[in-house]
Amino acid sequence: MKPGLILGALWLAAIAAAPPARADDAPKACDVPDNLLSTESVLPRVADAVKAGRTLDILVIGSRSSTITSAEASAYPARLQANLKDRLPQVTVNLATEIQPRTSSEEAVPGFVKLMEGKKPTLVIWQTGTVDAMRSVDPDDFRNAVDAGVVALQEAGADVILINPQYSPRTETMISVTPYLDNMRAVAQGHDIPLFDRFAIMHQWNDEGDFDLFSAAHGIDLAKRVHDCLGRALSKFVIDAAHLGPAQQN
Amino acid sequence: MTSIADQVASPPIAGPADQPAKAARSAASAITLPAVGERELRLDLFRGLALWLIFIDHLPPSLLTWFTLRNYGFSDATEIFIFISGYTAAFVYGRALLESGFVVATARILRRAWQIYVAHVFLFTIFLAEISYVATSFENPLYSEEMGIMDFLKQPDVTIVQALLLRFRPVNMDVLPLYIVLMLSLPLILFLMRWRPDVTLGLSALLYAVTWEFDLYFTSYPNGFWAFNPLAWQLLFVFGAWCALGGARRMSHMLSSPITLWVCIAYLAFSFYVTLTWYVPQLSVLMPRVIEHWMYPIDKTDLDVLRFAHFLALAAVTVRFLPKSWAGLKSPWLRPLVLCGQHSLEIFCLGVFLAFAGHFILAEIGGGAALHALISLSGILIMCGVAWVISWYKHVADKSGAKKAANADLAGGG
């Protein structure tokens with residue numbers, strides 16, 4: 001008798017606690033809760049470069065979800081650069097992107113050495129996992145590849161931030177991202193580098209109604225707004241991880 | 001060896017003359033079965049619960065997701081489902097093996113595997129319809145990369161054949177192929193169990209260890225591997241079978257010891273804490289890096305030891321605090337759960353279908369949390385309703401074939 005009652009009560013509580021259906025029209029601030037942007041890992045090279053007054057060279061390596069076709073200037077890498085310039089007016093921020101569509105982590109890593117020789121960035125932001133998840137690459141192989149990639153980038157003298165796949169509710173029944181999210185978290189922990197949890201952040205936005213990611217909109221507008229918010233969150237993440245906030249600068 | 005095989009290959013259908021021999025053989029065999037007719041309601045209850053949780057986990061995350069097991073420890077509903085499936089399958093077909101011999105038992109197991117296969121193909125058809133719809137009507141530039149997953153629709157011939165071969169399996173459709181492979185291996189498992197249950201369990205653990213050591217897996221189409229590796233998950237299934245065939249009784253001393261209880265509780269608490277650190281990263285300060293390093297990632301594909309241990313601890317604690325004779329098992333409040341558990345295959349398939357449908361409705365209406373909760377709740381109500389209807393068919397509508405009905409009901413547990 002009792003467990004049944006408790007179960008029933010839990011449900012009622014769940015329904016009562018559920019927030020009312022969201023209004024789709026009101027634009028929201030796309031804020032990100034602190035716990036999704038906090039990291040214990042640091043970016044020592046970025047911190048040094050900024051403190052020494054050198055330019056900050058950033059390289060974004062990613063697959064198709066790191067750009068918006070025909071609107072690169074609105075994609076998150078460009079938005080990150082703009083936001084960093086706003087927040088760190090005294091610093092020159094250069095940003096390059098290396099988009100490698102349909103490339104798994106394992107395929108991308110061998111090219112890293114050459115890529116780094118050419119660009120010599122202070123910070124590499126590596127977005128990966130989506131292609132691997134779509135191809136159901138063996139998670140162990142995936143972890144080894146990401147691990148090797150991080151090592152290669154670090155040895156070439158850069159700080160590294162990992163970005164995991166997007167939250168994509170429409171393809172949730174078709175792409176299983178969880179093992180890849182877990183493995184990226186594990187690699188980030190293993191190397192003590194920051195992981196920008198794009199998946200959780202976009203998930204949060206969808207839950208809170210900042211964006212309707214289920215939307216079947218054909219236009220480019222939603223993509224632009226999401227990338228704008230991602231760029232802003234990522235700039236905050238970089239500044240926090242490098243301890244460049246106003247309170248920490250002295 | 002040959003003598004055993006011969007013995008098994010000749011089912012005792014000879015009639016009364018065969019009776020003493022049969023009794024002797026039953027007595028001689030190492031496995032024991034609970035008395036006829038007593039249905040283990042706890043199994044039905046927890047399998048029903050597992051089915052509900054699997055359904056909720058297959059829906060996009062919502063508030064209800066927080067009530068599912070995986071947020072409180074390493075293992076989740078899949079472990080419960082596979083363990084109980086092993087238990088009931090061994091219970092039902094183990095009896096068939098003892099009463100009618102190896103050939104008949106195998107024949108019945110194969111029929112069951114065929115039913116599961118047909119159910120899987122049915123679900124795949126629905127999935128194909130859904131995914132085709134999404135592919136043709138949804139073009140969000142934000143997700144142009146992810147939509148590449150639909151590329152397989154360009155080769156429907158290959159895809160469908162691969163699906164029939166169980167090699168192409170969309171997300172959320174992984175459990176039934178695992179179940180089919182496990183059922184196909186059940187004759188062998190039962191055969192070995194009848195010989196030496198403990199050795200069989202040992203062999204199963206050995207296969208599990210070898211799988212981990214040499215990274216064995218089943219490949220899938222177009223690339224990748226099975227999301228639930230049968231070579232690893234068989235351990236849970238065989239363990240379920242072992243418990244059903246007398247192992248549980250032999251373990252009862254250990255289970256009732258307070259040391260076991262406290263070890264289990266400590267482990268569950270540890271696991272809960274670790275899970276908590278995933279959601280509240282601030283807590284991970286207290287977590288030594290060494291342990292983190294050793295522990296992660298906790299692998300579901302190959303049934304990580306941590307998950308298996310978590311399930312064992314959970315089961316041990318449950319068995320201890322929920323006696324078989326607990327009156328609540330017969331209460332009308334838990335009846336829906338028990339009913340769902342008793343018709344697990346049908347309700348499992350229904351749950352996967354409802355999860356697809358739920359995704360679809362949420363996508364079309366742009367679901368808020370309230371609608372989400374409503375969908376989850378109606379899904380569960382539909383599962384209960386259908387379980388009730390199936391039960392009605394078995395007990396009332398098919399009453400004319402009364403003799404068969406009882407058997408099918410039990411077999412439904414397999």
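Contact here means heavy atoms within 4.5 Å. This is a predicted model, in which local features need pLDDT of at least 70 and side-chain atom pairs count only at pLDDT 80 or more, while totals for chains, interfaces and linings use all residues. Residues are numbered from 1 along each chain as its sequence is written, chains are lettered from A and ligands numbered from 1 in the order in which they are written, and side-chain values use heavy atoms, without hydrogens and water.

Start in chain A. A:Leu95 lies in strand 2; strands are DSSP runs of E with at least two residues, helices are runs of H or I with at least four, and both are numbered from the N terminus. Leaving out residues up to four places away in sequence, A:Leu95 touches A:Ile58, A:Val60, A:Pro77, A:Leu80 and A:Gln81. A:Pro165 is 70 residues from A:Leu95 along the chain, and their C-alpha atoms are separated by 21 Å.

Salt bridges come next. The rule asks for a side-chain nitrogen of Lys or Arg within 4 Å of a carboxyl oxygen of Asp or Glu. Over all chains the count comes to 14. One pairs A:Lys119 with A:Glu98, at 3.9 Å from N to O. A:Lys119 sits in helix 6 (residues 112-119) and A:Glu98 in strand 2 (residues 93-99), so the pair ties together parts of chain A that are 21 residues apart in sequence.

Now turn to chain B. Two packed helices are described by the angle between their axes and the distance between the axes. Helix 5 (residues 102-137) and helix 7 (residues 175-195) of chain B have axes that come within 9 Å and cross at roughly 175°. Axes are lines fitted to C-alpha atoms over the stretch in contact, and angles run from 0 to 180 degrees between N-to-C directions. The two helices are therefore roughly antiparallel, a label for angles over 145 degrees. Their contact residues divide into 18 nonpolar, two polar and one charged. Nonpolar covers Ala, Val, Leu, Ile, Met, Phe, Trp, Tyr, Cys and Pro; charged covers Asp, Glu, Lys and Arg; the others, Gly among them, are polar.

Finally, the interface. It takes 61 residues from chain B and 63 residues from chain A. Between these two chains the count is zero salt bridges.

Terms used: Angles under 35 degrees count as roughly parallel, over 145 as roughly antiparallel, 65 to 115 as roughly perpendicular and the rest as oblique.
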